[in-house]
Amino acid sequence: MIPISDDNPTMRVPVVTIGLLLLMGAVWIFGEGAGIDPNRLSMMVCNLGLVPGEITGRAVVGTGIPLGNGMACIIDRDPINYLTPLTSMFLHGGWGHILGNGLFLWVFGNNVEDSMGRFRFLIFYLLCGLGAAAGQVMINPASPVPMVGASGAIAGVLGAYLILYPRVRVNVLFIFIIFIRVIPIPAWAMLLWWFGLQLLTGLPQLSSVRPDVSSGVAVFAHIGGFITGAVLIKLFENRRLVQDRTLERHRRHPYSP
């Protein structure tokens with residue numbers, strides 16, 4: 001199920017959400033070369049991606065993680081490693097990665113930003129990204145595998161949306177073989193389905209035999225970000241803005257829950 005819109009009105013231009021999308025796009029195109037040059041992409045991921053074992057010091061210096069084409073990420077003790085929980089959330093590994101993250105941020109981020117104010121939302125977003133990084137580091141502190149992507153921070157936005165607007169209808173593109181249809185479903189159903197999927201996908205990471213297995217997705221970053229957002233939202237929300245949005249939604253959609 002792919003979310004494409006919701007019934008929540010936007011009262012103000014979501015400046016921060018748009019800014020984050022533009023920044024992610026700029027880093028992907030001008031920093032990572034839009035994935036055209038594998039060497040350039042690999043260099044950015046290795047140098048600015050989050051490596052849990054480098055943060056904790058539990059990965060052996062000199063360990064190489066093969067990336068293909070004769071390239072490898074080498075574990076080091078560069079001081080910049082301690083900035084990677086922040087830098088990694090603006091990097092991506094491919095077009096599908098950044099487009100998927102961008103879609104989720106646009107559908108849900110503008111509403112959450114509109115519910116707390118621009119500056120609060122920026123701080124909230126960054127804290128969710130750091131919470132996501134902490135979740136991935138905690139689950140596998142010795143991992144030498146780099147992690148990149150905004151999905152952990154965006155997961156925090158999803159957690160906030162679930163708390164703020166659980167009954168708002170989200171229009172999702174449902175695809176099953178040849179059956180394609182846009183279906184409105186309650187936000188709580190869509191978001192809990194997404195969170196449950198992360199938990200199921202992350203179960204192999206809890207195995208003592210294959211701790212790095214999770215289909216190449218840092219699902220515990222998603223889980224950590226989601227929980228961080230759900231916990232912090234009541235500290236960051238502006239109740240007046242939430243009430244105004246709810247009244248406006250009912251005005252535009254009289255039969256909306």
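**View 1. Thr84 is a buried residue in helix H4 of this predicted model**. With a relative accessibility of 2%, Thr84 counts as buried (under 20% relative accessible area, where over 50% is exposed and in between is partly exposed, using a 1.4 Å probe and protein chains only). Thr84 belongs to helix H4, residues 84–87; helices (H or I, at least four residues) and strands (E, at least two) are DSSP runs, numbered from the N terminus. The side chain of Thr84 comes to 2.5 Å from the backbone oxygen of Asn81. Setting aside neighbours within four places in sequence, Thr84 is in contact (heavy atoms within 4.5 Å) with Asn47, Leu48, Gly49, Leu50 and Ile55.

A note on reading these views: residues are numbered from 1 along each chain as its sequence is written, and side-chain values use heavy atoms, with hydrogens and water left out. As this is a predicted model, local features need pLDDT of at least 70 and side-chain atom pairs count only at pLDDT 80 or more, while totals for chains, interfaces and linings use all residues.

**View 2. Leu83 is an exposed residue in a loop**. Look for Leu83 between strand E3 (71–74) and H4. Its relative accessible area is 52%, so Leu83 counts as exposed. From Leu83 to Ile227 there are 144 residues in sequence, and their C-alpha atoms are 22 Å apart.

**View 3. Cys46 sits in helix H2**. Cys46 counts as buried because its relative accessibility is 19%. Beyond residues up to four places away in sequence, Cys46 touches Leu67 and Cys73. Phe104 is 58 residues from Cys46 along the chain, with 26 Å between the two C-alpha atoms.

**View 4. Ala34 has a positive phi**. Most residues other than glycine have a negative phi. Ala34 is not a glycine, yet its phi is about 55 degrees. Ala34 lies in the loop between H1 and H2, and its relative accessible area of 12% makes it buried.

**View 5. Ser143 is a buried loop residue**. You will find Ser143 in the loop between H6 and H7. Its relative accessibility is 7%, so Ser143 counts as buried. A polar atom of the Ser143 side chain lies 3.2 Å from the backbone nitrogen of Val145.

**View 6. A nonpolar core of 51 residues is the largest in the model**. A nonpolar core is a set of buried Ala, Val, Leu, Ile, Met, Phe, Trp, Tyr and Cys residues joined through side-chain atoms within 4.5 Å. Among the residues with the most contacts inside this core are Phe108, Phe121, Tyr161 and Leu191. Elements that each supply at least two residues include helix H1 (15–31), helix H5 (95–113) and strand E4 (169–176). Which element gives the most to this core? Helix H7 does, with nine residues. Tyr125 touches Leu20, Met24, Met89, Leu105, Ala150, Ala153, Ile154 and Val157, not counting residues up to four places away in sequence. Another core, of seven residues, lies apart from the largest one; Leu50, Ala133, Met147 and Ala218 are among its members.

**View 7. Helices H1 and H5 pack roughly antiparallel**. The angle between H1 and H5 is about 170 degrees, with their axes 8 Å apart. That is why H1 and H5 are described as roughly antiparallel. The contact includes Leu20, Met24 and Trp28 of H1, along with Leu105, Trp106 and Gly109 of H5.

Notes. Polar contact = N/O pair within 3.5 Å; in protein donor to acceptor, adjacent residues only side chain to side chain. Axes fitted to C-alpha atoms, helices over the stretch in contact; angles between N-to-C directions. Parallel < 35°, antiparallel > 145°, perpendicular 65-115°, else oblique.
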